[in-house]
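Please keep the sequence and the structure in view while reading.

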Amino acid sequence: MSLPPLVEPAAELTVDEVRRYSRHLIIPDVGMDGQKRLKNAKVLCVGAGGLGSPALMYMAAAGVGTLGIVEFDEVDESNLQRQVIHSQADIGKSKALSAKETVQGINPLVNVVLHEERLEADNVMDIFAQYDLIVDGTDNFATRYLVNDAAVLLNKPYIWGSIYRFDGQASVFWSEHGPCYRCLYPEPPPPGMVPSCAEGGVLGVLCASIGSIQVNEAIKLLAGIGDPLVGRLMIYDALEMQYRQVKVRKDPDCAVCGENPTVTELIDYEAFCGVVSEEAQEAAAGSTITPKQLKEWIDADEKIEIIDVREPNEYEIVRIPGSRLVPKNEFLMGNALQDLPQDRRIVLNCKTGVRSAEVLAVLKSAGFADAVHVGGGVIGWVNQIEPAKPVY
């Protein structure tokens with residue numbers, strides 16, 4: 001569907017702006033009017049990571065007048081494989097500040113506003129209210145539902161993107177004209193069911209593919225041109241090089257944008273999404289050891305069996321000495337239980353302790369009462385015991 005322009009045009013373009021944006025100006029659908037609307041627009045990008053990097057860079061190049069950046073993290077070396085707005089020299093620097101410097105290097109005419117804080121229920125409404133459009137570059141379900149609900153309550157359109165390994169998705173959610181994110185995904189997946197990019201990985205260039213689609217949709221909405229992805233989910237398979245679309249209809253029973261909404265104010269999104277299941281939390285209580293404790297057990301030649309529940313690719317990168325690999329799914333399907341030793345204590349580990357806590361719950365229910373898991377996982381082990389080893 002075609003929609004009216006989201007913002008009014010600015011009064012004029014300067015001579016410098018005409019020179020800079022000349023390739024836009026000679027496109028009939030954009031022209032002077034469309035470029036003036038971009039100049040007058042205020043767009044907020046949630047996150048300056050994989051999706052936020054290309055989104056911010058191309059919105060700056062396109063001439064979006066005001067760009068807001070919500071980001072609380074610092075640049076890490078593992079970010080550089082896909083977060084192209086940052087460089088080697090930025091490691092350890094605030095991502096928000098690093099992103100601002102890159103944006104201003106691309107286009108000094110853009111006004112950059114930093115929100116160097118974690119987006120949460122107590123600040124999201126005030127932040128969103130300052131902008132015409134939201135570009136969602138988040139990578140966790142709690143923040144996605146927070147962004148969605150705040151956007152619906154404020155009647156703000158937002159452009160959503162998601163990436164994982166070789167797969168990407170994008171859509172435009174605007175409850176006034178179509179569905180919201182909850183119409184597509186009413187409930188978050190069970191804790192531990194969907195791995196994060198940090199656990200499953202992402203092809204770096206996929207960020208550019210999806211991020212540029214988000215910017216394309218932003219320009220269309222701001223200038224009032226084309227047919228935005230409202231009511232449509234775009235799915236991209238980079239391995240097969242295929243794009244396909246799925247229609248998404250507005251759900252009359254949607255909890256937040258439906259005819260009789262039950263979510264009329266922001267909720268506790270961490271509790272709603274549940275990073276770790278209740279069963280895993282209960283299993284880990286009193287059965288979590290530190291990397292230092294595990295090192296003491298190894299040195300004392302305690303009768304233990306260290307089992308790594310990550311995936312083979314992760315195991316190849318770095319591992320705790322003496323551990324053997326049994327991926328999490330082998331436990332969830334029940335295949336691994338029969339091979340566990342009965343005469344030694346089971347010590348589980350994963351990357352950070354989330355997956356091992358889920359497996360610990362399985363073991364506890366199967367009768368392995370003295371099983372434990374390593375809080376902080378192999379990352380904690382490297383940081384505390386073997387700092388020369390790589391992390392990911």
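The points below concern strand pairing and the protein surface. The model is a predicted one. Five strands form an open sheet with parallel pairing, and strand E1 pairs in the parallel sense with strand E2.

**Strand E1 and its partners**

- Strand E1 covers residues 42-46, and four of its five residues are buried.
- Between E1 and strand E2 (residues 66-70) there are five bridges, and the pairing is parallel.
- Within this pairing, Leu44 has Gly68 in E2 as its bridge partner.
- Val43 has Leu133 in E4 as its bridge partner.

**The open sheet of five strands**

- The strand order in this sheet is E9-E13-E12-E10-E11.
- Strand E9 (288-289) and strand E11 (324-325) stand at the edges; each has a single partner strand, so one side of each lacks a neighbour in the sheet.
- E9 runs parallel to strand E13 (residues 372-374), and two bridges join them.
- Ile289 has Val374 in E13 as its bridge partner.

**A nonpolar surface patch**

- Phe166, Leu203, Val205 and Leu239 make a nonpolar surface patch of about 360 Å².
- Val205 belongs to helix H10 (residues 204-223).
- Val205 counts as exposed because its relative accessibility is 55%, and the cut-off for exposed is over 50%.

Methods:
Residues numbered from 1 in each chain as written. Predicted model: local features only at pLDDT ≥ 70, side-chain atom pairs only at ≥ 80, totals over all residues. Heavy atoms only, no water. Patch = residues over 30% accessible without salt bridge, like charges linked within 9 Å, V, L, I, M, F, W, Y side chains within 5 Å. Areas by Shrake-Rupley, 256 points an atom, 1.4 Å probe, with all protein chains shown as cover. Salt bridge = Lys/Arg side-chain N within 4 Å of Asp/Glu carboxyl O. Buried < 20%, exposed > 50% of the residue type's maximum accessible area, 1.4 Å probe, protein only. Pairing = 2+ DSSP bridges.
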